Each structure stands twice: as structure tokens, then as C-alpha cells.
Number of protein chains: 2
Amino acid sequence: MPDIRVLLVDDHPVVRAGLRAMLADFDGVTVVSEAADGGAALAELSRLNALGEPVDLVLMDLQMGRGMDGATATGRIKAGAAGTPPPPVLILTTYDTDADILAAVEAGAAGYMLKDAPPEQIRQAVLSAAAGQTALAPGVAARLMGHIRNPETALSPRELQILELLATGLGNRAIARQLFISEATVKTHLVHIYAKLGVDNRTAAIAVARQRRIIRDS
Amino acid sequence: MPDIRVLLVDDHPVVRAGLRAMLADFDGVTVVSEAADGGAALAELSRLNALGEPVDLVLMDLQMGRGMDGATATGRIKAGAAGTPPPPVLILTTYDTDADILAAVEAGAAGYMLKDAPPEQIRQAVLSAAAGQTALAPGVAARLMGHIRNPETALSPRELQILELLATGLGNRAIARQLFISEATVKTHLVHIYAKLGVDNRTAAIAVARQRRIIRDS
DNA sequence: GGCCGGATCAACCAATCGGTTGATCCGGGG
DNA sequence: CCCCGGATCAACCGATTGGTTGATCCGGCC
């Protein structure tokens with residue numbers, strides 16, 4: 001039974017060192033290479049494929065400083081940009097917003113773990129993802145289930161879009177202009193957003209949305 | 001010349017593993033113990049002091065999930081809560097807001113490094129801090145210098161207080177009530193805040209303040 | 001004493017926001 | 001066909017915010 005060959009992708013040297021050390025303790029897992037952002041990960045996957053040394057699993061963060069982010073890279077990998085069959089991608093990150101989780105899952109990530117997870121959980125996730133199964137951190141799984149279970153409090157895609165623009169500092173008229181809709185439509189969506197979040201003004205909506213990880217920094 | 005004895009404090013096992021591995025490569029540095037939050041760090045320092053095995057340097061994150069945060073722990077350590085002479089504290093974190101840096105510096109941290117720093121920079125910082133010198137990441141030093149150099153764009157303490165309340169979702173009247181001032185005073189401060197941040201509405205002020213690390217999550 | 005920054009307060013008015021009511025259209029599902 | 005959710009739009013009015021002008025007081029500094 002050959003080892004699971006893993007590519008580590010994280011912009012923090014400390015984290016890569018920690019993962020290297022942690023995975024070295026896992027039987028059946030070998031770190032074959034590393035990259036500091038999504039672009040470098042794609043290049044490294046291509047390089048290893050060309051050498052006939054394909055990777056079995058990509059373990060990757062979402063945010064990579066100024067480099068290509070993990071969700072974009074996941075989409076590219078799943079689309080075969082670095083060779084086929086594309087290896088599964090396991091996200092390991094500090095970010096647990098709904099938007100982050102959904103973006104990664106939609107991009108094709110096989111799993112989503114948080115960096116505060118103990119080694120044993122990460123080991124299980126690595127084995128599951130490499131075996132083609134889904135691997136979600138308990139908190140992440142709970143959030144997705146909560147999202148499905150409480151649709152009345154979930155914002156619609158359009159509502160989320162407007163909330164994100166609101167949080168960048170745009171007023172109603174500017175949001176309307178950007179989305180080619182009327183200001184009345186923006187106000188209607190805001191009424192719905194406030195009701196769903198249980199608030200009565202825009203700054204409170206932003207605060208609650210940030211607190212609940214519905215949005216985060218742009 | 002005995003090794004510098006280091007206590008690692010970080011809530012993420014991955015990061016602790018990475019630091020352990022990284023510091024193992026530094027000549028003259030030994031990781032003697034670890035803790036997952038500020039409270040555990042204080043207890044561990046006390047325990048090692050009682051064993052006659054004092055720590056030379058605490059390498060600590062700021063945010064520790066639900067445990068005691070790094071700035072509070074730093075203040076306690078410097079106040080002698082875990083024994084004297086208190087060891088220097090080197091902060092290693094992802095957070096680089098003005099408020100975070102100032103809080104840690106005011107609490108008595110000997111240095112402030114960011115987690116994206118390469119190993120050699122971390123090594124230099126460890127050696128400097130253990131030797132009683134200041135160790136600041138280049139970006140952090142630049143922020144502090146910028147802060148001193150551009151006082152006209154720096155918010156006054158009262159302005160910052162109002163901005164923070166604004167970001168929690170309070171309207172002018174609620175802020176006024178909380179601070180026992182008039183709504184006119186709140187509006188006057190907001191005028192000043194908007195001018196300093198170069199914006200013309202409250203959501204933009206919050207967004208810019210977050211972007212510039214003037215405020216962050218409450 | 002004068003100057004400055006910071007904090008406080010008021011009045012006034014225009015602009016924007018929030019709330020309400022009402023409506024239409026579309027697509028999907030039963 | 002009906003129902004529902006989602007998206008879009010309008011009108012109206014009250015509430016809040018933003019902008020402007022003006023003022024006072026305090027503490028620190030020269």
C-alpha cells in the first residue's frame with residue numbers, strides 16, 4: 001500500500017513547518033512538496049505529473065496573502081488545469097464563514113478543516129479526503145446543516161450580494177447603480193436583510209453578518 | 001552558553017508544531033514547554049519557576065480562541081504574576097491592527113512578529129527579544145512609524161471609541177446614551193472621523209477603519 | 001495671556017435611510 | 001392552475017444621518 005502523497009499549500013512558513021511535522025507522524029502519508037499560494041500549487045502539480053510522480057491529495061489554505069487563493073486554485077485543479085485525474089483538495093484554514101465554506105465546497109473541495117483541529121482530526125480528514133470521501137470539521141458540518149435547517153434566516157444570493165456591497169461602504173444609490181437596479185429594490189432587499197438578521201439599521205446588519213460569519217473582510 | 005529556553009503559546013496545534021520544528025533548527029534555542037492560551041502559559045511559567053527551570057522567552061500568539069488572550073497574559077507576566085524576573089514576551093500573530101500592536105506593546109511585549117515571517121526573521125526576533133532588545137516585524141515597525149508621522153490622520157481616543165461603538169451597530173442616539181453625551185456631540189465626532197478617513201458615511205468609515213486596521217472584530 | 005487640540009453642545013436644513021403598502025414578473029413544484 | 005420564493009419597482013412619510021455654522025470649556029504649551 002503506497003503512501004498518500006500530499007502537496008502542502010500555505011503562505012505561512014510556520015504553518016507549513018507545522019503541517020510537515022504533523023503529517024510526518026501519520027503512517028501512510030508523505031509530504032512530497034509544498035507551495036506558498038494557489039498559482040505555485042498548480043505549477044507544482046503540473047511539474048510532479050510531468051515527472052510521473054502525481055500527488056494524491058492537496059492540503060491547502062484559503063487565503064494566501066497576495067497569491068492565488070485556495071478556492072480559485074481548487075476550481076482550477078478540479079477543472080484539470082494541473083493534470084488529470086485531479087487530486088482531491090482538503091482545505092485547512094482559519095476561516096469559517098458561510099461564504100468561505102460554500103465557495104470552497106462549490107469549487108470542488110473534498111473537505112474543509114479548521115486550523116484549531118487536533119492532529120487526530122486532521123489525520124482522519126486526510127485519509128478520508130484521499131479516499132474520495134468528504135471530510136468536514138465538526139463545526140463546519142454543523143454550520144452547513146444549520147444553513148439547510150434554517151432557510152428562513154439564510155440570505156438569498158442577491159441579499160448576500162447587497163449586504164457585501166453595503167459592508168464596503170456604499171449607500172443605497174451607489175449599490176443600485178452598481179447592480180443596475182433601482183434604489184427601491186435595494187431598499188426592499190435591505191428590509192428583508194434586516195428582518196432576517198433581526199436588526200433595524202445597516203451598521204447593525206454588517207456587525208451581525210460579520211459576527212455570524214455571513215460576510216467577512218473584502 | 002546555555003540555550004534560550006522558550007515557552008510556546010498558541011491555540012493552534014499546527015502552529016505549535018510548526019514553531020517547535022522551526023525553533024529546533026535554531027542553534028541555542030530550546031522549546032521547553034507549550035501552552036494553548038494565556039492562562040495555561042501563566043500556570044506553566046509558575047510550574048517551571050517552582051521547579052527551578054525558568055523560561056527565558058515566551059513566544060505567544062494574541063488570539064487564543066476562548067482562552068486568555070496574549071496581551072492580557074503579557075501584562076500579567078510583566079506584572080510578575082508568574083514569577084520574577086518576568087521573561088520577555090515575543091508576540092507572533094496574524095493580527096497587525098494598530099490596536100493589536102499598541103495593546104501588546106503597552107502590555108510590555110518585547111517584540112511583535114507576524115506569522116508570515118520567514119524562519120530567519122523569526123530567529124533574529126527570538127535572539128533579540130531574549131537579549132532584552134526590541135524585535136518588530138518590518139511591517140509592524142513601519143506602521144508604528146507611520147502612526148507617529150501622520151498624527152493628523154490619527155483618530156483621537158474619543159473618536160476611536162465612537163467609531164468602535166458605531167461598528168457594533170449603534171445609531172447616534174444609542175451611542176450618545178451609552179457615553180452620556182448629546183447626540184450633537186456624537187455627530188460632531190462623526191464629522192471629524194469621516195474627514196480623517198476620507199469618507200462621507202458611516203458604513204464607509206467602518207470599512208476603511210477595518211481596512212486600515214484601526215478597528216477590528218469586537 | 002494666547003494658541004491649539006480635544007470635547008462638548010446647539011440649531012438648521014438637506015439628504016438619505018427605514019418602514020409600510022402595494023404591485024408585477026418569473027421559475028419551480030405539486 | 002395555484003402557491004411560493006425571489007427579484008424588481010413605486011409612492012409616501014417619518015426617522016435618522018450628514019453638513020454647516022457657531023459656540024464654550026478645559027488642559028497643555030510657549
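Let me begin with the interface: about 2000 Å² is buried between chain A and chain B, and carbon and sulfur atoms give 70% of that area, where buried area is the accessible area (1.4 Å probe) that two parts lose on being put together, summed over both. Please keep in mind that this is a predicted model, in which local features need pLDDT of at least 70 and side-chain atom pairs count only at pLDDT 80 or more, while totals for chains, interfaces and linings use all residues. Residues are numbered from 1 along each chain as its sequence is written, chains are lettered from A and ligands numbered from 1 in the order in which they are written, and side-chain values use heavy atoms, with hydrogens and water left out.

Across the interface of chain A and chain B the rule finds two residue pairs in polar contact, both at pLDDT 80 or more; a polar contact is a pair of N or O atoms within 3.5 Å, where within protein one must be able to donate a hydrogen and the other to accept it, and residues adjacent in sequence count only if both atoms are side-chain atoms. On the side of chain A that touches chain B, at least two residues each are supplied by helix H1 (13-24), helix H5 (119-130), helix H7 (157-167) and helix H10 (202-211) of chain A, and H1(A) gives the largest share, eight residues. Helices (H or I, at least four residues) and strands (E, at least two) are DSSP runs, numbered from the N terminus. Sorted by class, that side of chain A has 18 nonpolar, seven polar and five charged residues, with Ala, Val, Leu, Ile, Met, Phe, Trp, Tyr, Cys and Pro counted as nonpolar, Asp, Glu, Lys and Arg as charged, and the others, Gly among them, as polar. The contact takes 30 residues from chain A and 30 residues from chain B, contact meaning heavy atoms within 4.5 Å.

How many salt bridges does the rule find across the interface of chain A and chain B? It finds zero, a salt bridge being a side-chain nitrogen of Lys or Arg within 4 Å of a carboxyl oxygen of Asp or Glu. A search of the whole structure, over all chains, finds 17 salt bridges. One of these joins A:Arg173 and A:Glu183, with the closest N and O atoms 3.9 Å apart; A:Arg173 lies in helix H8 (residues 172-179) of chain A and A:Glu183 in helix H9 (residues 183-197) of chain A, so the pair ties together parts that are 10 residues apart in sequence. In the loop between H8 and H9 of chain A we also find A:Phe180, a residue other than glycine whose phi is positive, near 55°.

Turning to the sheets, chain A has an open sheet of six strands in the order S2-S1-S3-S4-S5-S6, with parallel pairing, and two strands pair if DSSP finds at least two bridges between them. Strand S2 (29-35) and strand S6 (135-136) of chain A stand at the edges with a single partner strand each, so one side of each is left without a neighbour in the sheet. Strand S1 (residues 4-9) and strand S3 (residues 57-60) of chain A pair in the parallel sense over four bridges, and A:Val9 has A:Met60 as its bridge partner in S3(A).

In chain B, an open sheet of six strands likewise has the order S2-S1-S3-S4-S5-S6, with parallel pairing. Four bridges join strand S4 (residues 89-93) of chain B to strand S5 (residues 111-114) of chain B, and B:Thr93 has B:Leu114 as its bridge partner in S5(B).

Finally, the cis peptide bonds: one joins A:Thr84 and A:Pro85, with omega about -10°, and another joins B:Thr84 and B:Pro85, with omega about -5°. A:Pro85 is found in the loop between helix H3 (70-78) and strand S4 (89-93) of chain A, and B:Pro85 in the loop between H3 and S4 of chain B.
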